[in-house]
Amino acid sequence: MTDITTMEELLRDAPTNWGKWGPDDEVGALNYLDAAEVLRGAAQIRSGQVFTLQRLIGDPKGDPVWPGRSPAERTMIMDESNWDDADAPAAPGGLHYADDKIDAFLQGSTQYDALGHVWYGGKIWNGYDARTTIGGLDKASVEPIAERGVAGHGILLDMARFRGKKCLEAGETLTHEDLEACAAAQGTAIEPHDILLVRTNFLALFHEQGDAFYEDFCEPGLTYSPELVRWFQEKEIPNLVTDTIANERTIEPGTGFALPLHCALMRNLGIALTEICDLEKLAASCAEDGRYTFLYTAAPLKVHRATGAPVNPVVIK
């Protein structure tokens, strides 16, 4: 592994799903989530409890973002003070109102990646030319995912609780075998077409450490191996959801590469990646009642040609 110097070398023999759903496909493994899978997820509803997974934008404690991105900024445009002056705006009947706007990275909060967000070798998902990303994604943007929506059978894999920790540590690694062991300990099993929600609670450290959180930045998470990629393909996983900023260990320990699973899972297999989720209330509920499966639903914002979009996933137990 240490002799490998490019992503193309690393993933030369990696499996792909290119062409599996036709030459024009832009939603990849989400195609697994047909009506039967939605009903399989809905069958997990017992109590009607609803959990929203989006992290608060504008959190007074700070918003975790990928290094180099800035947190969202909300600006107040209109409020009651605008009516203090004699030349205040007027509306028939004396209506007053508030208005504001937001300036944010589309991947600067809980969000879905577009399948064309990351690539190597000049090709994005399904073999589209990487030059289709210039000025905006003409292919495999987040828009087709947003138009389609996501619903299916979800399973929480509470890795922090499984390892007896408040949160996983920086750089801590996970394999697919760890996911299966966690599921078994929870009394569940990972089934084909499951939407995987992996809890590390690592972002608790962001709120505790402040700027120090980004020093020698390396999140915990899944790490690349040929076996792991084959497992994801054979299980036909449609969507990987995590509470970290980038879904996987930031730097691959075997090669020193950044985010190889974005390439192996998203670019090659078409697996949707959902990042920066808040899984804490859901995890507490699952630990309390021992039920770790549920209906997972989500729909990112519909943004034309975008590389990703904010989302507020909803889980119903």
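The lining of the second largest cavity has, by class, four nonpolar, two polar and one charged residues, where Ala, Val, Leu, Ile, Met, Phe, Trp, Tyr, Cys and Pro count as nonpolar, Asp, Glu, Lys and Arg as charged, and the others, Gly among them, as polar. This is a predicted model, in which local features need pLDDT of at least 70 and side-chain atom pairs count only at pLDDT 80 or more, while totals for chains, interfaces and linings use all residues. Residues are numbered from 1 along each chain as its sequence is written, and side-chain values use heavy atoms, with hydrogens and water left out.

On a 1 Å grid over the protein atoms alone, a cavity is a set of points where a 1.4 Å probe fits but cannot get out, whereas a pocket is an open set with protein on both sides within 12 Å along at least five of seven lines, and lining residues have an atom within 4 Å of a point. The second largest cavity has a volume of about 30 Å³, a volume being the space filled by probe spheres set on the grid points, which are joined across faces, edges and corners. Its lining is made up of Leu240, Asn247, Glu248, Leu261, His262, Leu265 and Leu273, and helix α8 (residues 260-267) gives the most to it, with three residues; helices (H or I, at least four residues) and strands (E, at least two) are DSSP runs, numbered from the N terminus.

The largest cavity holds about 40 Å³ of space, and the residues that line it include Leu174, Val198, Pro220 and Asn247. By class, this lining has four nonpolar, five polar and no charged residues.

Among the open spaces, the largest pocket has a volume of about 240 Å³. Of the 17 residues that line it, Arg55, Asp59, Lys61, His207 and Asp278 are the closest to its centre. The second largest pocket contains about 180 Å³, and its lining includes Phe51, Asp278 and Asn312.

Turn now to strand β11 (residues 293-298), which is largely enclosed by the rest of the structure because five of its six residues are buried (under 20% relative accessible area, with a 1.4 Å probe and protein chains only). Six bridges join β11 to strand β5 (residues 150-158), and these two run antiparallel; here Thr293 is the bridge partner of Ile155. Three bridges join β11 to strand β13 (residues 314-316), also antiparallel, with Val314 as the partner of Thr297.

Notes:
Buried means under 20% relative accessible area, exposed over 50%, partly exposed in between (1.4 Å probe, protein chains only). Two strands pair if DSSP finds at least two bridges between them.
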